[in-house]
Structures are given as C-alpha cells and as structure tokens.
Amino acid sequence: MAETVRVVCRCRPLNDREKALNSKVCVDMEGQTGRVSLIADDSPNKDFTFDGAYFIDSTGEQIYNEIVYPLVESVIEGYNGTVFAYGQTGAGKTFSMQGLADVAPQKGIIPRAFEHIFVATATTPSTKFLVHCSYLEIYNEEVRDLLGDVREQKLDIKEHSDRGVYVAGLSMHVCHNVKDCQQLMNKGFSNRHVGATLMNKDSSRSHSIFTVYVEALNEEGSIRMGKLHLVDLAGSERQSKTGATGDRFKEATKINLSLSALGNVISALVDGKSRHIPYRDSKLTRLLQDSLGGNTKTLMIACISPSDNNFDETLSTLRYANRAKNIKNKPKINEDPKDALLREYQLEIERLKSMLTGGAAAPGQKGGFDVEAERRNLRAEFEEAMNELRVAYQSEQLSKQKVEEDLQELKRQYEAASAEIDAMSKAGLDPQEAKKRLELIQQQLVGGEQANNEDLKKGRMKKLKDAESKTQRLAAALNVHKDDPLLHVYSTTQEKLDAVSSQYQKEQRKVKALESEIEDLQGEFELDRLDYLETIRKQDQQIKLFAQMLDKIHPLIKKDCNYHNLEKIKKEAMWNPDEGKWALPEMSISKTTFPNAGNGAVRSEPVSRAVTDYHDEDESKLRKRLAKSEEENIANSYFKTFNKSSVVNKYKGDVQRKIDSRSYFPKRFNNVPQALVSGVIYTDDLFGRSGSAGKRPARLEAIK
C-alpha cells in the first residue's frame, strides 16, 4: 500500500549572531493544524501545511513521541524506515538528531531511537532479535566508514539484486544494549568532518547516515528484518553569507551539488511524468534511493531559522519540504531476507545443537557440517559476484583497473572461505568447544528479557496510541472544509451576495498569493544563479591556477616518462561515475640500456618499469660507491695537518729517482742544467751558482 513521505517543520530560537544583528522573528506556527507562515513586510504571508509544526519552545521528546515513535515501531515489525533532517547551515539539524545528552527533554532522535528499540525487543515475547549498526559519512562525494579502523579509506557503493544498494566494506557492529549503541554513535560523531563558517562555528561538512538493523526470529523459524536510517544532512550554504574559502569552499560546493541532486530526485518523483529518476547524480541520492519512492517509511524534518535575516533560505527550505511531502513510497515487511545475518546464526546454532545431541552425520558431513553444500553455496556466491563485475564493466561503470582490483579481492576472499571450509571439514569441534561457541552466538541475540513487565508494555502501547490520535486530529483539522457557497439555500438575495463576495475576495487573495509566489521563485532563481556563477567563477580561477602550474612543471618531466605526452594520457584516461573522478594510467619511466664498451654490437633495450621500482636499481653498486667515498674521505684528506719530516722524506725520494739526461733528452738539450735533469731546481743553477752544491732546495727552505 502506497503512502506519502511525512514532513514536519521545526523552528529553533534566535541564536547569538541573529540577536547581534537585531533580527526580527518572521515565522509563525500553528501546531494543531501543522501550519507554518512566513511573514513578509511588503508582501502577503506565505503559508505551508505539514504533518507537524514545532515552534521555538518545542522539545526533542515531543517531536519523537508524536512523529518518530510510530515509524520506529514499524521498523521493529520488519519495515524499513528513514528519518532525515534538512535545512540551511546552522538551522538545528544535528541538534534535532543528536540533541543534548544531559538534558532529558532535549535528547535527540538518535539516542531516543536506541532506547525505543531495546525496550521493544525486551517486551516482545517468543522472539529473538539481532541488533547491529553501521555509521558512514559522505564527505566531498566520498563514502567513509566512521566506525572503521582506517578513517580515510574510501568505500564503493554497489548494487545487488537481493540486497539493493549497499556500501561494500562497511563495518557492522553487534549491539546488546543502549550503551553499546551510544558508544558507537559517540565514536562515529567524533570522527565526522566539521568546520567553522560565519554562519556556524561547528558546521557539519558531510552527510552522515547511522543505520540500525533489527533482525527478528520467531518460534516458527521465520525471519524479518527492518532497517532504520537516521540521516543528518549537511546544511545548504550561500557562499556570500558563510564566507567559505579554500577547503570550506570546496566542501560547500560538494554539499550544494548533492542537495541539488536530492532536490532533482524529489522533483522528478513528484512530477510523475519523468521516466528517469536521477538517483545516480550523487552518492547521497544513491544511498537514499529506497527512502525516496521505494520500500521505506520516510520522515523528513525541515529545520528553519526564525530570523528575517535568513528569510530567503527559510523560504527555500519550506518549498523544498512542501515538494517532498508529495512523494509516494511503497513500504512492505521484509520477510525472510537473503542477506540477514540472523539466518547464518540460525544455521550455525542448529549445526552446533546437532553436534551436542550426537545427531548422526550424513555422508559428506562432519559433526553436522555439510561440506559439499557449503562449497556449492560458496561457489554460487562467487559466480554471482563475478557476473556483477562483468555487468558493471560492460556498462562502463568501472574502469579496467578497478575491475582487476575487485577481481583480485574477490579471489582472495573465495580462497580464504574455501580454506576455512576445508579446515572445518578436517577438524571437528569437541562437545565442550561446541557448547562454548553455541553460548557465544546465543549471547549476541536479545529479546524477551522484560516479556512479563506489564508497565513497560502499557507505556509502549500508550505512546503508540497517543501518536496515532495526534495524526488523526491533524487530519481532521485539515479536512474541515466549508461547503460551496453557491450550493447553499439563502433566505435573501443580499445574504447570497455577501457569501459570494466573501468567496470572491478569498479567491482574489489566492491569486495575489500565487503572483507573489511567482515573483519569489524568480527572485530565488536569480539568487541561486548568482551563487552558482560565483561558484563557477572561483572554480574557473582554480582550474586556471592548476593549468598554469602544469605548464610550468610539464617541461621538467623527462621524455622517458609516459606523462611527458599529455595528449596520450588524455586519451587513456577514463571517467569513473561511481567515484566521481578520472582513472589515470600508472606513471612509468622507459629506460634504455646500452652495451658494454668491449662489446662491438650496438643494441638498445627499452625497459619500462614503475616509478617506485626505478629508484631501487643497482643497489649493490650504490653501496660500493658509498663505501669507497667513506674510505677516501676527501675533505679530511685535503685539510689534514702535515709535518716537516714527511715532506723532507718525500723529496729525498725524488732526488734518488734521477734519470740519465743523455738517454732521456735529445742531444739538442745537452745544455740543460743537471739540476733540471735530476728534477731538483737549485736557486744557484738559475741565477748563477755561488754557494755549495749541497745547498738546500728553495722548496725546503720555505718550511724551515
């Protein structure tokens, strides 16, 4: 049965910044009818009607009990549910979802949902539940696990015929109580990207999705699984108001693009004429695909500011929410889902119980473990995953490099699972070990702990009935319409004229309101256009900066590197729509080797290797050169101190090495002084010998 997306509006109080600007309150709400009015000084009021309206004095407890409570009850029954907060930056989205832990009435939707789920599981008899959670963020169009070991690791979004759209590699954490869930939420929230802007000092720079999986197993053995997505969207921003620059500007651009894609999806769903719904335009819409027009009960909380300084942003949020309430979903209970973790637990429990009771093992089984069946199931899963990769590659959704990486990972997982099956087939569990394993698995399950607590049961039913009666009262208030005045029977003509005139004036006011709406839409479009132009202008400046840097750096790249030829790189590059970036070829260097000097043959052998391997060549030669340089130590040798005796001994050796001038010099050099022949120059030989032949050389006189 189809049902529309439920939409409520929440208005926060004026903050310090708005008070400093002397802002006036431009929002009025009527909680009984869900009416929200935006008050303008120079134009008629803009009225909107939602499934709930919560003004400045509202609390998180009130919103949860009246609107969110029935949705979480549906998740316990096996439906999918989504609650997401939307609004401009600083409008109170994170406050609505997280709240204040130390102020009971202002606890947020997420912690209240934890308490609700475990009260519901504890008071449900004859049913066991498995509760596990995941927490992710979408930052700059990249999906990251907020509870993973590696925070910066990027995850891929994939689609399966049974599981639907899911995030591959996202960590799951089993929870036994509210405290476990709270610890996971706090851990993930501390890992989330936040930053300061002029509008909000703790602005969320990413979209976050906390998902609670509730799997239920009844006495008959049937399984149902509900999923609760708790979504905190990053706020829409106008760069002129936030003053975002650098990383903040890049983040704001990605946030606005994803929210714009979400708006396009909503418009396409509401229009009814669109054959194509652009879910793939962003990671956010891809993950919320089931929540918008699919198998999910969805609630949207539109958060607004009361300040007239944010009039345009508030009006845009209200229009956005007004479109969303016309989306129709088709929720249904998820019975016996193939991807339920509880199914694996159930099979393992049955196998262990069979081992403990001494049940006979069939051929091909060991201790209740069917080896051949496990191998067949593993092979079927592997082939199915291979087919998905093949289809994705053929539809050009994945690059060749990405397919090879996924294929290697798939093979690794298959081999690991196959080895585990072989190990289990060879070594059975002894009864004591099997009993411990059975107890460990059963401890993961919760449910029925407070099955006899009538007070908890009555409190749970009372909250559910109160929420339903609130919805009925709102529907009754909205359905109160006066009859057509033209169909009434009047006693006098004047009475009829007054009634018709009143109706005419009412219709005139509607016409004026619609004309004003057209002008507002044109003005909003103009503001968006100017904002987009400013964004384009800044991005163009960044592109030119990178292009100029590339022009400066490119001539420095050697010709033996493949990135020297940019035109070839452009042809080989492929756009990956899932990751939103280009898949570039690996950088490599082509090295030419030359023959040895003694080899007469001339040959040139091109060798292509990765850059990382290029610097590892001839390691032994480099080590030898390093050792030789340490031995020579030129600096120490050059500046080393010397003494007189070492120099005298050196030149005494030179004197002893005289050669015969007649055998060494031609005859025309017979007149050369003997001193030159001996290699020792005497001053007397050059300027007339006046002293003894044993006079010391001039070079030795200098060091006396």
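Me: Before the labels, what should I know about the model and its numbering?
Reply: Residues are numbered from 1 along each chain as its sequence is written, and side-chain values use heavy atoms, with hydrogens and water left out. The model is predicted, so local features need pLDDT of at least 70 and side-chain atom pairs count only at pLDDT 80 or more, while totals for chains, interfaces and linings use all residues.

Me: Why is the contact between Lys 297 and Glu 3 called a salt bridge?
Reply: The term asks for a side-chain nitrogen of Lys or Arg within 4 Å of a carboxyl oxygen of Asp or Glu. For Lys 297 and Glu 3 the N to O distance is 3.0 Å, so the pair qualifies. Lys 297 is in strand S17 (residues 297-304) and Glu 3 in strand S1 (residues 3-4), so this pair, 294 residues apart, links distant parts of the chain. Helices (H or I, at least four residues) and strands (E, at least two) are DSSP runs, numbered from the N terminus.

Me: What makes Lys 297 buried or exposed?
Reply: Buried means under 20% relative accessible area, exposed over 50%, and partly exposed in between (1.4 Å probe, protein chains only). Lys 297 has 15%, so Lys 297 is buried.

Me: What makes Lys 570 and Glu 567 a salt bridge?
Reply: The closest N and O atoms of Lys 570 and Glu 567 are 3.7 Å apart, which is within 4 Å. Both residues lie in helix H16 (residues 566-572), three residues apart, about one turn of the helix. With a relative accessible area of 56%, Lys 570 is exposed. Elsewhere, salt bridges that share partners join Glu 142, Arg 144, Glu 152 and Lys 154 into one network. A search of the whole structure finds 19 salt bridges.

Me: Why is H7 called oblique to H15?
Reply: Two packed helices are described by the angle between their axes and the distance between the axes. Axes are lines fitted to C-alpha atoms, for helices over the stretch in contact, and angles run from 0 to 180 degrees between N-to-C directions. Helix H7 (residues 247-271) and H15 pack at about 130°, with axes 12 Å apart. That angle makes H7 oblique to H15, because angles under 35 degrees count as roughly parallel, over 145 as roughly antiparallel, 65 to 115 as roughly perpendicular and the rest as oblique.

Me: What makes H7 and H9 oblique?
Reply: H7 and helix H9 (residues 311-324) pack at about 40°, with axes 9 Å apart. H7 and H9 are therefore oblique to each other.

Me: How do you know that Asn 140 is buried?
Reply: Asn 140 has a relative accessible area of 16%, which is under 20%. Asn 140 sits in the loop between strand S8 (127-139) and strand S9 (142-145), and has a positive phi of about 55° although it is not a glycine.

Me: What makes Asn 22 exposed?
Reply: Asn 22 has a relative accessible area of 66%, and that is over 50%. Asn 22 is found in the loop between helix H1 (16-20) and strand S3 (27-30).
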